[in-house]
Amino acid sequence: EQPAVVDSTGFGDFWTLNDGVAAVNNVGRNFVRVLRGTYPAATVSQAGMVVEGAGDTLTVFDGLAAAAGLTVSGADVTVRDLGARTTPGGGSAFDPFVVTGARFNGNFLRALGSDDDCFVLSAANPILTDSRAHRCDDDGIYLPGGAADNGVISSSSVQNQSGTSLEILSGANNNAIGPVRLDGAAVDAGTNNVIVAEETAF
């Protein structure tokens, strides 16, 4: 499928991710490519979308001190090869990546600083692979509730966070496995979760 192209310099099909996702969804397509650049906070609410950046430090969604960098509320969304951030020190209110849609698939993502947690995965069956969290004012990867079940986190790392590196608040049957590098111990308050991680001071 030929993707719709989002380009912050104006040479694509759309200026913003929100416009690109809404447009392709209206015509029954699901693939949006976001070129390198810094973009305002965005939300993917349509199910089944594929959002692809140019690299985890090249395509960046910035929520500043006002919003989450990238929110995914649609189910079955794939996001890969991009970064997001919020402004650290803003009062522990906004996260770079917030996922509330079930069966999220995130690959090669990077949180480049956060006012709160770096990755918040709060829906069932999330997958997060080959991703990095840096400079989080609270947790690096946070699974906050009972809906965050049956997830897979692998080949990812957390560095320089103020809170817990990986925290599972009450979810079940999640697997954080090989290799996961954490700056400090993980916290597992859920049930039947498997965490195989290397604690690394970096």
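Visitor: How many salt bridges does the count come to, and what makes a pair a salt bridge?

Guide: The count comes to five salt bridges, the rule being a side-chain nitrogen of Lys or Arg within 4 Å of a carboxyl oxygen of Asp or Glu. The model is predicted, so that local features need pLDDT of at least 70 and side-chain atom pairs count only at pLDDT 80 or more, while totals for chains, interfaces and linings use all residues. Residues are numbered from 1 along each chain as its sequence is written, and side-chain values use heavy atoms, with hydrogens and water left out.

Visitor: Why is the contact of Arg80 with Glu52 called a salt bridge, and which parts of the chain does the pair link?

Guide: The closest N and O atoms of Arg80 and Glu52 are 2.9 Å apart, a value within the cut-off, and therefore the pair qualifies. Arg80 lies in strand E8 (residues 78–85) and Glu52 in strand E5 (residues 50–52), distant parts of the chain that are 28 residues apart; strands, marked E, are DSSP runs of at least two residues, numbered from the N terminus.

Visitor: How do you know whether Glu52 is buried or exposed, and how does Arg80 count?

Guide: Buried means under 20% relative accessible area, exposed over 50%, and partly exposed in between, with a 1.4 Å probe and protein chains only. Glu52 has a relative accessible area of 14% and is therefore buried, whereas Arg80, with 25%, is partly exposed.

Visitor: Why is E4 said to stand at an edge of its sheet?

Guide: Seven strands form an open sheet in the order E4-E7-E9-E11-E14-E16-E18, with parallel pairing. Strand E4 (42–44) and strand E18 (187–188) each have a single partner strand, so one side of each is left without a neighbour in the sheet.

Visitor: Which strands pair with E15?

Guide: Strand E12 (residues 127–129) pairs with E15 in the parallel sense over three bridges, with Ile127 opposite Val152. Strand E13 (residues 132–136) also pairs with E15 in the parallel sense, over four bridges, and Cys136 stands opposite Gln161 there. E17 is joined to E15 by six bridges, again parallel, and includes Ala176, the bridge partner of Ile153.

Visitor: What lines the largest cavity, and how do its residues divide?

Guide: A cavity is a set of points on a 1 Å grid over the protein atoms alone where a 1.4 Å probe fits but cannot get out, and its lining residues have an atom within 4 Å of a point. The largest cavity has a volume of about 40 Å³, the volume being the space filled by probe spheres set on the points. Leu143, Gly151, Val152, Ile153, Leu166, Ile168, Asn174, Asn175 and Ala176 line the largest cavity, and strands E15 (152–161), E16 (166–168) and E17 (175–182) each give two or more residues to that lining. The lining divides into six nonpolar, three polar and no charged residues.

Visitor: What makes the phi of Phe108 worth a remark?

Guide: Most residues other than glycine have a negative phi. Phe108, in strand E10, has a positive phi near 55°, and Arg135, in strand E13, likewise has a positive phi near 55°. Phe108 is partly exposed, with a relative accessible area of 44%, and Arg135 counts as partly exposed at 44%.

Key. On a 1 Å grid over the protein atoms alone, a cavity is a set of points where a 1.4 Å probe fits but cannot get out, and a pocket is an open set with protein on both sides within 12 Å along at least five of seven lines; lining residues have an atom within 4 Å of a point. Ala, Val, Leu, Ile, Met, Phe, Trp, Tyr, Cys and Pro count as nonpolar, Asp, Glu, Lys and Arg as charged, and the others, Gly among them, as polar. Two strands pair if DSSP finds at least two bridges between them.
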